[in-house]
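Dear colleague,

Please find below the structure that I am handing over to you. My findings follow it, and I would be grateful if you would read them with the model open.

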Amino acid sequence: MTDKEKAKEFLEEYLQRKGVNTKELFRCISPEHEDKNPSMSFYKKKNKCTCFGCGKNYDIFDLVKIEYNLKTFPEQLKKVEEFMKNPELIEDINKTIYSKKSILIESNEKKEISNNLNSIKKHVLDPNNPADIERIIRYQNYIKYCMSHLKECDYLTKRGISMKVQEDFHIGYDPNFRYSTAFKKAIIIPTYYGCLTARNVENDDSNNRVRKIGTAQIFHYDRIKENPDKDFYVVEGEIDVLSMAEAGKKAIALGSVSEINLLVSKLKEDKFENKFILMLDNDEAGRKAQEVLYEKLKEIGINVEKSNLLGKYKDPNEFLMKDREKFLSLFQENQEKKIENSWKKKLYNEKGKDLSR
Ligand SMILES: [Zn+2]
């Protein structure tokens, strides 16, 4: 290993000795980014820290350059090597960086165009695989960063989703998403380790509406196993799952009608005994997909039925937005009916037979 590489690898210890918890988000190092709401994350694999807010990234040489005004690389390397030999000389980050910050020179124009997604690995991460731990921390830091900005965005609140449900689902907001000039601000919906759905909050055209990172996931599929006695609605979009949660109902989302085979293969393997109520979008593609999905699930012995509760509305979220009261009461009624039925079943000792028909 060269001297330069050794020095580069010293960054994690350097930051820790400066009082930074490298596992958590910390305040951005850039003198041009005030960052009261920590947005910077340490990235061990690259021995750099990157900011989800302004997009800048720093290695240890950039750091000492800013701290001690060292313009040339040999000077920077010498300084780092000094600290490696005498770590007790390392100064607190508040003293060398944060106290010198000035909000006045913060400027959006100076932001580099580098979107946050580039810094997140684009595949499914396995929490049981030690090699993925660092990436998971990085992914989680990004989600935490987005969650800390959620209050700045009323996109989902306007669509009838309460703050409580948004927080329960770890929804976040990335004000610096910068995917393209037409996709700069996004609601971030975590779907699985390393995977997320980003929803453009400023643009609704089909090319710039949604970006998915990682592999396709059945949203909230893991919750089925955790709730063996609950019915699950099967809907298309993640926001429809949030809408169902608003009515106190469990749901999973395909993400797209093209993922019905993914759901079928997962359920074929897991053989859950829960009841699944299909409620795909009330449009041509959705209705077709629902028929196919229904037949396929029947075939593999899943307890499945089709919902006709959407009526004239396209999807649960549209229903919730246009007639909240009716939407909520509809599922309330169904709940009561179900309790009544299960009581009748007990009374007549007719397990599994629905007496309301
Ligand atoms: Zn920053």
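The expected span of a helix is 1.5 Å times one less than its number of residues. The model is a predicted one, and helix α4 (73-85) can be checked against that rule. Its 13 residues should span 18 Å, and its end C-alpha atoms lie 18 Å apart, so the two values agree.

Which residues of α4 are buried? They are Q76, K79, V80 and F83. Seen down the helix axis, these buried residues fall within an arc of 95 degrees, and therefore they line one face of α4. The buried residues of α4 pack against α1 (3-9), α2 (11-17) and α3. On the face turned away from the buried side, α4 carries the exposed residues P74 and K85.

Turning to the chain as a whole, the model contains 14 helices and 11 strands. Of its 357 residues, 35% count as buried. Among contacts between residues at least 6 apart in sequence, 56% join residues at least 24 apart.

The largest nonpolar core comprises 76 residues, and those with the most contacts inside it are I187, I188, V234, V235, V241 and I252. Helix α10 (residues 238-246) supplies the largest share of this core, namely five residues. As a general matter, nonpolar side chains in soluble globular proteins tend to be buried together. Once neighbours within four places in sequence are left aside, V241 is in contact with F219, H220, V235, A251, I252 and A253.

Two residues deserve a note on their backbone. H220, one of the contacts of V241, has a positive phi of about 65 degrees although it is not a glycine. H220 is found in the loop between β7 (210-213) and α9 (222-226). N69 is likewise not a glycine, yet has a positive phi of about 55 degrees. The place of N69 is in the loop between α3 (60-68) and α4.

With kind regards

Key:
Residues are numbered from 1 along each chain as its sequence is written. This is a predicted model: local features need pLDDT of at least 70, side-chain atom pairs count only at pLDDT 80 or more; totals for chains, interfaces and linings use all residues. Helices (H or I, at least four residues) and strands (E, at least two) are DSSP runs, numbered from the N terminus. A residue is buried if 20 or more other C-beta atoms lie within 10 Å of its own, exposed if 12 or fewer, and partly exposed in between; C-beta atoms are placed from the backbone. Two residues are in contact if their C-beta atoms, placed from the backbone, lie within 7 Å. A nonpolar core is a set of buried Ala, Val, Leu, Ile, Met, Phe, Trp, Tyr and Cys residues joined through C-beta atoms within 7 Å. The arc is that of the directions from the helix axis to the C-beta atoms.
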